[in-house]
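Thanks for asking me to look this over. Here are my notes, point by point, for you to read beside the structure.

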Amino acid sequence: MRISILFGTAALTVLSALDVASAQNDGPGLLEEVTVTGYRGALLNSTEAKRASVGFVDEIFADDLGKLPSQNLAESLNRIPGVRLNREVTGEGQQISVRGLGPGFTKIVLNGNAMAVASTGSLDAGNRNREVDLDVFPTELFASLAVNKTARARQLEGGVSGYVDMRTLRPSDLADKRFQYGVEAAYGALSEEVSPRYSFIAGHSGERFGALLALAGAQNRTRVDGYEAVALYTDGCVAQWTAPDRSASGCVPGSQGLNHFFWSPEVTPDWAASHPGSNVGDPIDPVATSGLPADVLDLARVPYLGRPMTTVGDRDRLSALVSLEYTPSEDLQAALDLIWIDASRDFVRTEAMWWGRRNYLHQGAAMIPEDVQVNAQGYVAFGRFYNAHLWVGTRDYREDLGFTAVMPSVRWQIDELWRLDVSASSTRSEFDRDEPYVLYMSPGGTLEYELTGAVPSFRFSFDPADPTIGWSWQQTFDQNQNGVIEDNERFGDMFRIQRNHRETETTGFHVDAAYGQDPERNGLLFGLAWDENVNQIRFFGGTAEFRDEHVIPSDAYQNFAAYLGPSLVSNLGADIDGYDGYRGIAQVDWGRIKAATRYDAFVPVEGAGDQFGQVNGTIEEQMLGLYLESNLTGEIGDRELRLDAGVRWVDTDQRVSSHQSGTTRADYSRLLPAFSAVYDLHEDIKLRASASRSLTRANPSEMYPNASWGSSGIDSVRAGNPYLSPFESTNFDIGGEWYYGELGYIGLTLFQKDITGFTRQDTITVPFLELPNYGMDIDNLGADREQALLECGGPENCTVQVTTRTNVQGTSTLTGSEWIWVMPLDVVTPGLGFNLSVTHIDQKASDPDAIITGISDWVYNLTAYYERGAFQSRITYFHQDGAVVGYTQGKPLIGMDRSQVDFSLAYRLFESDGHELSLTFDGYNITNEPVGAWHEYEGIPFSAYYPGATYTIGLRGGF
């Protein structure tokens with residue numbers, strides 16, 4: 001029935017088009033022009049836009065200077081119901097999710113055109129798909145942000161969950177102010193640094209010509225303290241020697257679990273020092289010292305590489321917008337929008353990891369547990385561990401991001417009935433990251449570990465902030481006890497080379513025609529869009545070559561401790577509730593160690609995969625879309641009914657290549673119908689309904705045609721899948737609003753999405769001759785595989801098991817509700833009011849592999865404001881329930897519940913002769929809420945990042 005409803009909209013398009021001529025009226029009911037003043041004015045414009053819309057859309061308008069109680073565009077969108085933020089570890093909003101689905105399922109467009117940004121997302125992740133980082137875009141450059149939750153035929157396809165149109169400022173948006181400015185100083189409570197921010201907008205709009213120049217910049221001094229468990233929680237085993245020369249060790253028979261680390265069967269130096277009567281090397285029973293039964297200790301879990309961390313550095317951004325408008329006649333308008341963004345990050349990240357993985361007995365690193373306590377779920381809640389080591393990793397990040405966009409457009413009103421819009425677009429973005437990684441080891445000591453909150457406490461017998469405690473570049477152990485450390489008695493990495501380069505390009509050409517005196521209400525729209533997207537990811541390494549040619553011959557290799565200095569911070573974790581651990585980490589002197597190893601002279605080696613273990617490559621996509629849409633306005637029972645019905649046909653041509661393999665190609669077409677209606681049940685009550693079909697193309701990171709043999713024969717292959725089908729969704733919405741005043745209204749929307757196309761790892765049987773489709777070279781097999789090919793019957797008869805990602809056949813169904821309440825409280829006191837938005841989502845899946853991660857049950861946002869005369873104030877409370885955000889070793893990672901409080905104050909100092917000047921004071925994340933996740937159970941921390949509060953004081957004005 002649903003399919004017939006959806007595709008029946010195509011017939012409705014034709015029928016409503018036939019009624020255009022008879023249904024046209026004298027023109028639309030024009031909204032009274034409203035001057036935007038403060039937050040209340042922005043709410044008023046949003047209310048009017050929602051009231052005038054047909055589908056389910058929310059729009060935010062900037063006030064005088066794009067001041068939308070936020071730090072960037074992602075933050076600006078946060079108060080819209082159904083929108084959820086993905087945050088950078090700094091706590092700043094970075095990406096948006098609409099109705100629970102991840103950022104890659106939301107189509108982000110710039111002035112109606114496709115765009116892409118080459119940045120990599122959050123520091124603890126690495127975007128490889130279709131996400132758009134919005135934190136590089138300052139609010140000051142934009143006039144409005146529209147979130148469409150229901151598809152329309154005229155919109156570019158690509159968003160299963162939503163469609164966001166970011167419209168930049170143009171000269172005609174400036175109203176009566178030709179120059180606007182803002183200067184701010186932002187104080188970070190954690191970094192204890194002041195960061196400048198500024199914006200300047202100048203423009204003029206005449207009868208024929210208009211020009212606008214906008215600049216916005218920020219130099220952010222940031223610090224983040226936090227914790228990471230890294231990959232998983234794991235267990236260890238009681239160790240034994242397995243080689244007479246003490247060069248190898250293993251688990252005692254019968255050990256269960258993952259056994260990623262060892263419990264020592266011999267007394268260690270720190271144990272002997274604290275337990276009189278014992279001597280180094282004496283036999284010891286770690287089960288007895290732990291105080292636990294043997295089976296409990298065997299499976300007791302600790303973090304794989306649990307590590308408190310700190311990040312300190314700068315993030316700078318400069319953005320520019322040039323917009324030109326030319327109106328030679330009232331029927332012809334032309335515009336040119338140019339955007340340029342340059343952003344950079346320069347920071348050092350240092351983490352002190354408890355070496356709880358592969359700490360083998362034959363490396364002198366096995367531990368003795370004492371007084372261990374294990375909770376009901378099998379996780380270690382407290383313990384004292386002898387011969388523990390801190391393995392420090394420090395990275396010196398240098399990032400550069402560039403983004404440019406060129407977007408010309410023309411609107412021609414041919415006659416009373418025909419209108420033509422033509423636009424072109426070109427965006428280009430480049431991203432470079434240099435991320436050298438140095439690792440070094442503390443001497444063995446005694447560590448107390450305790451679960452004390454979102455960040456466990458690590459208490460070490462040495463001071464990790466002291467560079468003189470005996471740090472070494474590698475773990476060393478004199479196995480043969482000859483007093484000399486041989487090369488084979490050094491263990492662990494020293495210096496990793498990690499460089500990333502990304503490029504994205506989009507090109508588009510759009511033609512849109514409209515028929516009717518007011519085609520948005522009564523008329524026919526049709527057109528085409530051609531878009532091309534190119535996404536290239538490259539990685540450069542060469543760690544082994546750098547070690548052999550630069551590290552080992554250097555003075556740093558022989559005298560590493562001399563290259564260490566004091567900790568970057570002296571109060572690590574001071575603002576983290578419950579944390580009682582070390583307060584600093586001895587820091588490598590990056591300038592000296594780079595000079596000693598001649599780092600800048602090294603030419604890195606291009607690799608097939610990056611530091612995240614992901615394949616690199618290039619994806620090129622060409623999309624052709626054709627659409628037909630009709631709008632009809634009529635009456636039922638003397639009440640207005642508006643219909644919007646249409647269909648979009650899109651053809652996608654994909655070419656996917658990796659640096660190891662050739663190029664594969666996929667082509668597919670889809671028909672995407674869309675229908676929306678709004679009925680005025682009463683003058684102030686609107687009922688809405690919509691049905692549509694939408695798509696999001698498959699994740700690029702899963703499509704690279706990279707493959708490798710899984711054995712010495714031809715039995716198995718591991719491969720990417722360039723033939724993945726897109727994600728598709730059938731969408732239904734019903735709801736409405738009651739407008740009980742010029743500003744106030746209450747709205748409710750019920751929605752359902754049936755989504756197909758999710759992927760899972762799968763093994764399929766493939767004829768041998770089809771292996772080139774998966775990136776395999778079958779012409780150069782080698783002698784062993786040639787023999788195996790003959791034994792199975794030759795190329796025409798052999799089959800191979802290919803492990804790859806395939807589309808899940810099941811369907812995920814999301815059902816949800818959205819509430820919004822905009823309430824002026826002038827009856828209490830003039831200028832007082834609030835707005836509240838709430839989203840609730842339930843999920844069901846016909847296949848467990850189709851479960852969607854990252855969906856919070858409840859998200860809500862409350863802003864209370866008071867504006868009277870020269871004074872403006874508001875406070876915002878945002879809450880997001882935790883949700884499963886991923887899996888590790890089959891265990892769920894559960895995002896932490898998060899509640900953030902922000903406030904904003906402004907006082908107009910004077911207003912005279914068109915010149916206005918205001919003093920502002922803002923507080924952001926004033927309760928220092930972390931960004932993080934639990935491991936399997938709440939209370940077992942997996943990651944937590946505390947960015948601290950930020951307070952900003954500034955001046956804003958215009959004339």
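In what order do the four strands of the open sheet lie? They run S18-S19-S23-S24, and the pairing is antiparallel.

Two words on the ground rules first. This is a predicted model, in which local features need pLDDT of at least 70 and side-chain atom pairs count only at pLDDT 80 or more, while totals for chains, interfaces and linings use all residues. Residues are numbered from 1 along each chain as its sequence is written, and side-chain values use heavy atoms, with hydrogens and water left out.

1. Strand S18 (368-374) and strand S24 (457-460) are the edge strands, each pairing on one side only. From one strand to the next the twist averages 10 degrees (axes are lines fitted to C-alpha atoms, and angles run from 0 to 180 degrees between N-to-C directions). S18 pairs with strand S19 (residues 380-388) in the antiparallel sense over five bridges, and Pro 369 stands opposite Phe 385 in S19. For reference, strands are DSSP runs of E with at least two residues, numbered from the N terminus, and two of them pair if DSSP finds at least two bridges between them.

2. Asn 387, which is placed in strand S19, has a positive phi of about 65 degrees although it is not a glycine. Most residues other than glycine have a negative phi. At 9% relative accessibility, Asn 387 counts as buried (buried means under 20% relative accessible area, exposed over 50%, partly exposed in between, with a 1.4 Å probe and protein chains only).

3. **A second one, in a loop.** Ala 231 also has a positive phi, of about 80 degrees, and is not a glycine either. Ala 231 lies in the loop between strand S10 (209-228) and strand S11 (233-234). With 36% relative accessibility, Ala 231 counts as partly exposed.

4. **The nonpolar cores.** The largest nonpolar core has 62 residues, and those touching the most other members are Trp 354, Phe 385, Leu 447, Tyr 449, Trp 473, Phe 495 and Ile 593. Apart from it lies another core, of 40 residues, among them Val 83, Leu 110, Leu 145 and Ala 216. A core here is a set of buried Ala, Val, Leu, Ile, Met, Phe, Trp, Tyr and Cys residues joined through side-chain atoms within 4.5 Å. Leaving aside residues up to four places away in sequence, Tyr 449 touches residues including Tyr 233, Trp 354, Phe 385 and Phe 458 (contact means heavy atoms within 4.5 Å).

5. **Strand S22.** Are the residues of strand S22 (residues 437-441) covered or exposed? Five of its five residues are buried. Tyr 437, Leu 439 and Met 441 point one way, and Val 438 and Tyr 440 the other way. S22 is joined to strand S20 (residues 390-413) by five bridges, running antiparallel, with Leu 439 as the bridge partner of Gly 393. Two bridges join S22 to strand S27 (residues 495-496), again antiparallel, and there Val 438 stands opposite Phe 495.

6. **Aromatic pairs.** The structure holds 43 of them (ring centres of Phe, Tyr and the six-membered ring of Trp within 6.5 Å; planes under 30 degrees apart count as stacked, over 60 as edge-to-face and the rest as tilted). Phe 105 and Phe 758 form a tilted pair, 5.9 Å centre to centre with 40 degrees between the planes. These two residues are 653 residues apart in the chain, and both are buried. Why is the pair of Phe 458 and Tyr 582 tilted? The ring centres are 6.4 Å apart and the planes stand at 45 degrees, so the pair is tilted. Phe 458 lies in strand S24 and Tyr 582 in the loop between strand S30 (564-565) and strand S31 (587-588), so the pair ties together parts 124 residues apart in sequence. Phe 458 is buried at a relative accessible area of 0%, and Tyr 582 is buried at 6%.

7. **Ring cluster and charges over rings.** Ring pairs link Tyr 227, Phe 261, Trp 263, Trp 354, Phe 385, Tyr 449, Phe 458 and Tyr 582 into a cluster. Elsewhere, the charged end of Arg 99 sits over the ring of Phe 751, 4.1 Å from its centre, and Arg 592 lies over the face of Tyr 563, at 4.3 Å from the ring centre. The cut-offs are NZ of Lys or CZ of Arg within 6 Å of the ring centre and within 35 degrees of the ring normal.
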